[in-house]
Amino acid sequence: MSNTPMAASPLTRAVLEIDEYVSGLGWDQPARLFALVDTARLRAEQPSLADRLGLDDAAENPGLTPIEQDEVPTGKPLDEFLATIAWPDAVAGCALAVERLMLPPSAEAQVPSGLDEAALTKWVADHPDRQEVRMTVAVLRDGTRESALRLREKDSPTEVLTGSDLVPGLAEALAATFEE
């Protein structure tokens with residue numbers, strides 16, 4: 001967590017830690033799903049796992065520990081995949097890091113009418129104002145949310161934008177994984 005501000009909330013620190021980890025893997029990566037577990041609880045209940053994760057002392061590692069899950073399937077729409085997830089009680093929250101193309105709001109008026117999803121995807125990919133972005137979105141069981149956005153064009157830890165409402169649709173989909 002070399003670039004993670006210590007004054008940030010535990011959820012913000014977890015999101016920035018995930019962003020830093022995924023950014024170290026480079027761009028053009030598949031979506032990555034993480035369980036967020038309470039670090040102190042993990043250390044108390046599963047000390048061998050905590051040791052393997054380098055969590056030597058829970059007092060020195062307060063907050064949330066991200067644990068990467070199995071690979072997110074690429075052949076299934078992300079929203080359909082997320083709808084199949086249910087978390088055990090030990091999981092305090094979850095996070096997803098995913099890359100997408102985005103356009104500025106001004107491009108909305110330029111979208112040709114009648115495009116199906118494949119044609120719209122191609123249109124966005126070919127648009128001269130498109131930006132590649134990595135979004136890391138996290139939610140807790142209590143509804144708390146946090147996001148980090150990193151543009152490929154400005155790929156630097158000092159250029160990461162954070163906020164709780166940056167990617168509301170994805171946050172909603174992640175929050176739904178905790179509904180019974």
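The model described here is predicted.

**Helix H1.** This helix covers residues 10-24. H1 has 15 residues, and the distance from its first C-alpha to its last is 21 Å, close to the 21 Å expected at 1.5 Å a residue. Its buried residues are Leu11, Thr12, Arg13, Ala14, Val15, Leu16, Ile18, Asp19 and Val22. An α-helix has 3.6 residues a turn, so residues three or four places apart point the same way. Just after H1 comes glycine 26, with a positive phi of about 90°.

**Aspartate 19.** Leaving aside residues up to four places away in sequence, aspartate 19 touches Arg134, Thr136, Ala148, Arg150 and Val160.

**Strand E1.** Strand E1 consists of residues 32-38. Of its 7 residues, 6 are buried, so E1 is largely enclosed by the rest of the structure. E1 pairs with E3 and is also joined to E2, which is made of residues 64-68. Leucine 36 has a bridge partner in E3, glycine 93, and another in E2, proline 66. The table sets out the two pairings.

| Strands | Sense | Bridges | Partner of leucine 36 |
|---|---|---|---|
| E1 and E3 | antiparallel | 5 bridges | glycine 93 in E3 |
| E1 and E2 | antiparallel | 5 bridges | proline 66 in E2 |

**The largest pocket.** How much space lies in the largest pocket? The volume is about 510 Å³. The lining of this pocket is made up of Glu99, Arg100, Leu101, Met102, Glu117, Leu120, Thr121, Val124 and Met135. Two elements give two or more residues to this lining: strand E3 (93-102) and helix H5 (117-126). By kind, the lining residues divide into 5 nonpolar, 1 polar and 3 charged.

Methods: Residues are numbered from 1 along each chain as its sequence is written. This is a predicted model: local features need pLDDT of at least 70, side-chain atom pairs count only at pLDDT 80 or more; totals for chains, interfaces and linings use all residues. Side-chain values use heavy atoms; hydrogens and water are left out. Helices (H or I, at least four residues) and strands (E, at least two) are DSSP runs, numbered from the N terminus. Contact means heavy atoms within 4.5 Å. On a 1 Å grid over the protein atoms alone, a cavity is a set of points where a 1.4 Å probe fits but cannot get out, and a pocket is an open set with protein on both sides within 12 Å along at least five of seven lines; lining residues have an atom within 4 Å of a point. Grid points are joined across faces, edges and corners, and a volume is the space filled by probe spheres set on the points. Ala, Val, Leu, Ile, Met, Phe, Trp, Tyr, Cys and Pro count as nonpolar, Asp, Glu, Lys and Arg as charged, and the others, Gly among them, as polar. Buried means under 20% relative accessible area, exposed over 50%, partly exposed in between (1.4 Å probe, protein chains only). Two strands pair if DSSP finds at least two bridges between them. The expected span of a helix is 1.5 Å times one less than its number of residues.
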